[in-house]
Amino acid sequence: MRIFFCLLCLIANTCAAEFSGFNIKEFSHGGIKGWTIKDSSVPYVALGFSFAKAGSSYNPKGKEGLSAYFAYLMFRGRKDKSRHEITKTLDDLYVSYSVHWDYDQMTFFFNFPKENMEKSLQFIAYLFENTDFDDKDIKEIRNYLPGDAYVDYTDANVLAKRGILKKIFKGHPYAISSNGTVAGIQYIRPQDLSSFAGRYFKRDNLKVSIVGDMNEEDNKFVIDTLFKKIGVENGQSKLQLTKITPRTLKKPYFIVKDVPQSVVYFSHPSPDNNSKDWFKAVVLNHILGEGDRSRLWREVRDRKGLVYGINTGLNSYELASFLLGNFSTTTERVEQVMAIVKEKFKAMKNQGITPNELKEAKSYLTGYYAQDLVSLGGILSTIQDAKMMGLGMDFVEQQSKLINSLTLKEINEFAKSWLDENKLSYCIAGRKTER
Amino acid sequence: MSRFLSLFFIIIFLQSNVYSLNKPKTQMFTLKNGLNVLHVHNDRAPVVVHMICYAAGSAEDMMGKSGTAHYLEHLMFRGTVKHPDGEFMKMIHENGAASNAFTVYDSTCYHQVAEPSRLETLMKFEADRMSNLAPNDQAFAKEQQVVLEEYEARIGNRKGGQLSFAVNASFFWQRAYGRPVLGWKHEIDKITKQDVLDYYKKWYMPNNAFLVVAGDIEFLKFKKLTEEYYGRVPKRVLPARMRLAEPQHFGETVRIEMRDQQIGCQVQMIFDAPNLRLGDKKDVYALLILEHIIGDGSKSKLYKSLVEEEKIAQSVYAFYEPYNYQPYSFGVVATPKCSIDIKELEYAMKASMKRIVRQGVTEEDLEYSKKQLKFLYYKHISDLYAQTRHYASQLSAGLNLVDIEAVTSGILDIKVEDINRTLNKYFKNDPRMTVVTVTSQKIEDAV
């Protein structure tokens with residue numbers, strides 16, 4: 001019987017290998033659900049959790065930058081424990097960490113050896129429960145953060161990127177950097193920071209993923225240790241910010257900057273990543289401007305040698321979606337490249353793509369995501385992203401299926417309705433030219 | 001037949017039970033043509049890492065032709081009889097794969113990361129370029145330019161690169177590690193297409209290669225694929241690696257100084273040290289621990305004495321490379337505080353090393369370092385690319401799987417006596433080389 005059972009296992013394994021996806025299991029404990037992938041080959045663990053609506057858009061008016069400020073302080077000193085002590089404890093436990101935030105959410109990633117699991121989680125819990133930060137660190141970050149915002153004013157690339165978002169999202173929180181504003185940061189008080197976790201980190205906006213040498217009991221331990229004490233409902237989650245369609249600028253927004261190369265960012269509307277048209281847009285964007293084999297790259301870089309690189313990408317946030325592209329070139333060539341961008345958008349709209357392009361794009365798009373999956377951290381952030389997007393555990397299979405099912409006809413029809421060279425907006429950071 | 005089958009499956013099942021211990025699930029086999037294959041199964045995510053290493057690196061470059069191995073690495077992307085120039089990279093792109101290669105002293109490796117169903121295509125192309133390389137003259141000339149540009153970027157424009165050339169050339173009297181992987185510029189200039197193809201014919205063959213694949217591919221299916229694609233490449237006569245041994249040294253300390261604004265102030269002390277392939281394994285394990293005890297992190301001996309107590313250095317570290325085909329070296333490095341005279345740091349470092357040898361290490365030092373090293377190893381190999389590289393580069397540098405996998409447990413078995421004996425054996429005398437770099441600013445100050 002046992003032999004038979006083994007045989008079955010093997011056959012099942014073999015069959016499963018035919019179509020590879022993630023080995024994700026869902027776990028549920030204490031009202032919190034999460035995804036987990038078990039890998040016992042190395043006694044190491046990667047843990048990630050995100051809080052929706054803890055990103056910069058949800059910061060109070062006048063205190064723009066609160067999320068960033070809090071995130072920078074998270075692994076600094078507390079009133080009862082110096083920064084040095086915290087770093088030392090994390091080092092001894094071999095815990096590595098990172099924190100990420102954007103317009104919408106805040107995400108924490110941790111790595112630690114399995115044998116330090118209990119102590120590591122207890123210490124992480126301490127950090128989340130004790131957010132009375134050391135005044136010295138509060139002050140240090142306050143001086144550091146505007147420095148971060150200051151980058152916006154010196155680096156032409158950041159300048160142009162911030163510039164276009166500022167204009168196309170005018171009047172909306174997305175117009176402001178997720179690092180906040182210099183003025184906002186100056187108005188943030190210590191009690192805003194110490195109360196941040198209590199206000200923003202709630203069960204109803206929490207998503208957890210665990211990858212590595214962890215069993216069911218271990219996963220429960222994670223939940224019990226880290227999230228038992230946190231409140232259920234986030235007051236913020238009732239706060240519904242309005243969705244926005246990025247505006248089209250009538251003429252390029254120009255930021256004068258004395259640099260040898262002008263940096264240009266351009267935007268175009270995009271469908272949301274949960275719309276039926278999303279993958280059609282993904283395919284078209286790939287062919288148009290993603291990577292060094294795209295139409296734009298071949299024309300502007302390979303054939304004409306006008307730029308070092310040119311790229312486009314789709315961005316889909318909670319409240320808005322848009323295509324963003326960029327290139328750098330000498331001031332004299334800016335208009336020439338802009339004209340080519342316009343022409344390529346128009347050509348794709350009118351003539352669509354070729355069967356060969358579609359075949360290549362499908363092959364690429366159903367394979368490239370694997371590049372991010374070699375490390376535990378890469379797997380973790382991939383599945384955590386999918387979870388935050390509200391996708392199912394079989395998202396790889398689903399997406400591949402969807403992409404493979406797209407026909408040339410429907411994509412070209414969509415191109416006609418979506419792409420519009422007159423909806424391109426530009427922001428240029430560089431020297432003024434005589435016009 | 002069915003009885004036979006069941007037995008077959010039990011064996012596999014038992015094997016996989018053994019593998020459920022905390023260690024990558026490795027299985028090794030050799031194809032009829034001599035290709036050595038290691039399969040590391042891990043189905044946590046839909047990805048495979050495919051790496052092939054040839055047991056030939058820059059150390060196999062002919063006299064007067066340094067840089068050949070590295071040049072060949074570049075040409076391997078420039079077309080075969082069946083797949084002309086451009087097709088390899090087109091295939092990589094179409095499959096959404098990531099691809100690269102690297103040349104080191106003892107091996108040359110090619111690797112890709114991809115979604116598992118693409119493995120067959122990757123194997124088809126990789127097996128093809130194992131024996132059918134046919135770059136055209138244009139590609140050859142273009143790559144020569146690229147190689148020279150790489151030389152300029154890494155060496156011509158970088159004092160740090162120039163210094164490492166000088167250090168290695170002076171440290172190794174005979175071992176090929178004295179010759180740079182990139183090659184000497186006057187020799188790269190003169191490498192002909194024939195030189196590169198001669199090297200290729202001499203060393204690139206299944207019986208001189210190590211294939212390591214880690215990820216979401218089931219063993220039997222994987223084995224079939226390797227037989228189907230790599231199995232077709234004919235075995236050839238493999239020449240022996242001709243390596244000159246290092247002659248006796250005489251207790252000398254060679255001193256290298258470099259003065260340049262770009263390079264910053266630093267003192268390096270380099271000692272002879274054994275490698276895992278030829279040396280005493282216990283010594284190697286002890287030295288791996290000592291690398292940590294002496295110079296890794298804020299609890300290390302040198303950090304405590306030079307940074308915390310004497311406040312003479314800003315940072316310290318140690319390096320030890322035991323996985324080469326021939327012995328390499330053990331070094332300690334310190335960066336001084338700006339105001340310090342570099343000589344002072346040099347004396348302090350020497351005194352610290354002597355003190356460490358004299359006082360030895362404590363049980364507590366050892367346990368702490370063992371633990372941290374274990375965690376570092378786990379963190380490292382939890383990454384499939386790192387895991388693949390770990391196995392492939394060590395196998396192709398002449399180590400066997402048993403020795404490679406024994407290192408972690410070997411380290412855990414080391415005792416305080418082993419460490420102290422090793423300290424006395426390798427660090428009692430002055431280092432064989434001292435490297436001092438000073439910024440030109442400092443020199444002006446001194447004058």
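Which helix of chain B holds both Glu94(B) and Lys90(B)? In this predicted model, both residues lie in helix H3, which spans residues 87-94 of chain B. Four residues separate Glu94(B) from Lys90(B), about one turn of the helix. The two form a salt bridge, and their closest N and O atoms are 3.0 Å apart. Lys90(B) counts as partly exposed, because its relative accessibility of 37% falls between the limits of 20% and 50%.

Side chains of opposite charge can pair when their charged atoms come close. A search of the whole structure finds 48 salt bridges over all chains. One of them joins Glu227(B) to Lys223(B), with the closest N and O atoms 3.7 Å apart. Both residues belong to helix H9 (residues 219-229) of chain B. They are four residues apart, so about one helical turn separates them. Glu227(B) is partly exposed, at a relative accessible area of 40%. Lys223(B) is also partly exposed, at 26%. Elsewhere in chain B, salt bridges with shared partners link Lys282(B), Asp283(B), Asp418(B), Arg421(B) and Lys425(B) into one network.

Asp137(B) forms a salt bridge with Lys193(B), and the closest N and O atoms are 2.9 Å apart. Asp137(B) lies in helix H5 (residues 137-156) and Lys193(B) in helix H8 (residues 193-203), so the pair ties together parts of chain B that are 56 residues apart in sequence. Asp137(B) counts as exposed, because its relative accessibility of 55% is over 50%. Lys193(B) is partly exposed, at 23%.

Chain B also carries a patch of negative charge on its surface. The patch gathers Glu308(B), Glu309(B), Glu310(B), Asp341(B) and Glu344(B). Of these residues, Glu344(B) lies in helix H12 (residues 342-359). Glu344(B) counts as partly exposed, with 44% relative accessibility. Lys311(B) is found in the loop between helix H11 (301-309) and strand E9 (313-320). Lys311(B) is not a glycine, yet has a positive phi of about 50°. This lysine is exposed, with a relative accessible area of 51%.

In chain A, Lys53(A) likewise has a positive phi, about 55°, although it is not a glycine. The loop that holds Lys53(A) runs between strand E3 (44-52) and helix H2 (66-73) of chain A. Lys53(A) is buried, because its relative accessible area of 11% is under 20%.

Ser209(A) sits in strand E6 (residues 206-212) of chain A. Its relative accessible area is 0%, so Ser209(A) is buried. The C-alpha atoms of Ser209(A) and Gly48(A) are separated by 5.3 Å, although the two residues are 161 residues apart along the chain. Beyond residues up to four places away in sequence, Ser209(A) touches Trp35(A), Ala46(A), Leu47(A), Gly48(A), Leu380(A), Ile383(A), Gln384(A) and Lys387(A).

Lys349(A) lies in helix H13 (residues 334-351) of chain A. Lys349(A) is buried, at a relative accessible area of 16%. Apart from neighbours within four places in sequence, Lys349(A) is in contact with Ala415(A), Lys416(A), Leu419(A), Asp420(A) and Glu421(A).

Conventions. Residues are numbered from 1 along each chain as its sequence is written. Chains are lettered from A and ligands numbered from 1 in the order in which they are written. This is a predicted model: local features need pLDDT of at least 70, side-chain atom pairs count only at pLDDT 80 or more; totals for chains, interfaces and linings use all residues. Side-chain values use heavy atoms; hydrogens and water are left out. Patches are made of residues with over 30% relative accessible area and no salt bridge: like charges are joined within 9 Å, nonpolar side chains (Val, Leu, Ile, Met, Phe, Trp, Tyr) within 5 Å. Accessible areas come from the Shrake-Rupley method with a 1.4 Å probe; for residues, only the protein chains shown count as cover. A salt bridge is a side-chain nitrogen of Lys or Arg within 4 Å of a carboxyl oxygen of Asp or Glu. Lys and Arg count as positive and Asp and Glu as negative; His and the chain ends are not counted. The place of a charge is taken as NZ of Lys, CZ of Arg, CG of Asp or CD of Glu. Helices (H or I, at least four residues) and strands (E, at least two) are DSSP runs, numbered from the N terminus. Buried means under 20% relative accessible area, exposed over 50%, partly exposed in between (1.4 Å probe, protein chains only). Contact means heavy atoms within 4.5 Å.
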